[in-house]
Amino acid sequence: MKTVKIQKLTAEAFAPFGTFADVLNPSTPSLGSNVHTFYRDASRYYAESSLPLGFSPLVVKEQGLTVTGAEYHNLSCEGMMPVNDDAIVHVCPANGGQYDVSQTQAFLVPKGTIVTLYPGVFHLLPLPRTEKELHCLIILPERAYVNDFYGVDLDDDNKFTLEF
């Protein structure tokens with residue numbers, strides 16, 4: 001089984017897959033006054049849908065670091081923000097629906113950091129780093145999990161294990 005190294009989340013390394021912003025320690029351009037600071041447009045979420053965005057809690061139980069499946073959305077981005085723990089997120093570039101483990105990357109997403117995945121980017125559940133359960137906020141257009149969801153069971157050549 002192949003191994004994919006978990007790397008630090010950086011703008012340069014993550015750029016092919018989406019954007020991110022550290023909500024707890026923002027450092028992007030801002031405006032404000034003596035009582036507030038607004039960090040504008042820190043991460044972008046592209047939405048063509050007329051449907052409202054849904055903000056959905058997700059709880060993921062610790063399950064090890066072997067990956068046997070993936071999903072993607074053709075028409076929408078997906079946002080995720082780990083709340084109680086750092087999360088491990090694996091991604092593979094959008095490419096027409098064929099998973100290629102040789103292009104897979106994995107990132108350690110610090111808790112309180114919102115990640116936006118571009119349409120077509122393969123991913124699956126964010127995994128907890130240290131906690132038994134990861135609480136994560138998921139952002140998708142309403143019912144995209146039904147209307148714009150493509151799941152892939154990875155064949156033996158594309159299954160992989162994540163490691164630090």
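# Close-up views of a predicted model

View 1. An open sheet is built here from 5 strands, in the order 2-11-8-13-5, with antiparallel pairing. Strand 2 (18-22) and strand 5 (53-61) sit at the edges with a single partner strand each, so one side of each has no neighbour in the sheet. On average, neighbouring strands of this sheet are turned by 20 degrees against each other, direction ignored. For the bookkeeping: strands (E, at least two residues) and helices (H or I, at least four) are DSSP runs numbered from the N terminus, and two strands pair if DSSP finds at least two bridges between them. Axes are lines fitted to C-alpha atoms, for helices over the stretch in contact, with angles running from 0 to 180 degrees between N-to-C directions. This is a predicted model, where local features need pLDDT of at least 70 and side-chain atom pairs count only at pLDDT 80 or more, while totals for chains, interfaces and linings use all residues. Residues are numbered from 1 along each chain as its sequence is written, and side-chain values use heavy atoms, leaving out hydrogens and water.

View 2. Strand 2 and strand 11 (residues 113-117) pair in the antiparallel sense over 5 bridges, and Gly18 has Leu117 of strand 11 as its bridge partner. Strand 13 pairs with strand 5 over 9 bridges, antiparallel again; in that strand, Leu134 is the bridge partner of Val60. Strand 8 and strand 13 share 4 bridges in the antiparallel sense, with Gly79 opposite Ile139 of strand 13.

View 3. Pro141 belongs to strand 13 (residues 133-141). With a relative accessible area of 6%, Pro141 is buried (buried means under 20%, exposed over 50%, partly exposed in between, using a 1.4 Å probe and protein chains only). Pro141 and Thr19 are 122 residues apart along the chain, and their C-alpha atoms are separated by 17 Å. Arg143 lies in the loop between strand 13 and helix 2 (144-147) and counts as partly exposed at 40% relative accessibility. Its backbone is worth a look: phi of Arg143 is near 65 degrees, a positive value in a residue other than glycine. Most residues other than glycine have a negative phi.

**View 4. The largest pocket and its lining.** The largest pocket has a volume of about 270 Å³. Its lining has 18 residues, and Glu71, Glu78, Ile138, Leu140 and Tyr145 lie nearest its centre. Strand 5, strand 8 (78-82) and strand 13 each supply at least two residues of this lining. By type, the lining divides into 10 nonpolar, 4 polar and 4 charged residues. (Ala, Val, Leu, Ile, Met, Phe, Trp, Tyr, Cys and Pro count as nonpolar, Asp, Glu, Lys and Arg as charged, and the others, Gly among them, as polar.) A pocket is an open set of points on a 1 Å grid over the protein atoms alone, where a 1.4 Å probe fits, with protein on both sides within 12 Å along at least five of seven lines; lining residues have an atom within 4 Å of a point. Grid points are joined across faces, edges and corners, and the volume is the space filled by probe spheres set on the points.

View 5. In one of them, the rings of Phe14 and Phe107 have centres 5.1 Å apart and planes at 85 degrees, so the pair is edge-to-face. This pair links distant parts of the chain, 93 residues apart: Phe14 is in helix 1 (residues 11-14), Phe107 in strand 10 (residues 105-109). Phe14 counts as buried at 1% relative accessibility, and Phe107 counts as buried at 0%. Elsewhere, ring pairs link Tyr72, Tyr99, Phe122, Tyr150 and Phe160 into a cluster. (Rings of Phe, Tyr and Trp, the last by its six-membered ring, pair if their centres lie within 6.5 Å; planes under 30 degrees apart count as stacked, over 60 as edge-to-face and the rest as tilted.)

View 6. Another open sheet has 6 strands in the order 6-15-1-10-9-12, and its pairing is mixed. Strand 9 (residues 87-91) and strand 10 pair antiparallel over 5 bridges, with Val89 opposite Phe107. Strand 1 (residues 2-8) and strand 15 instead pair in the parallel sense over 4 bridges. Thr161 in strand 15 is the bridge partner of Thr3 and also of Thr66.
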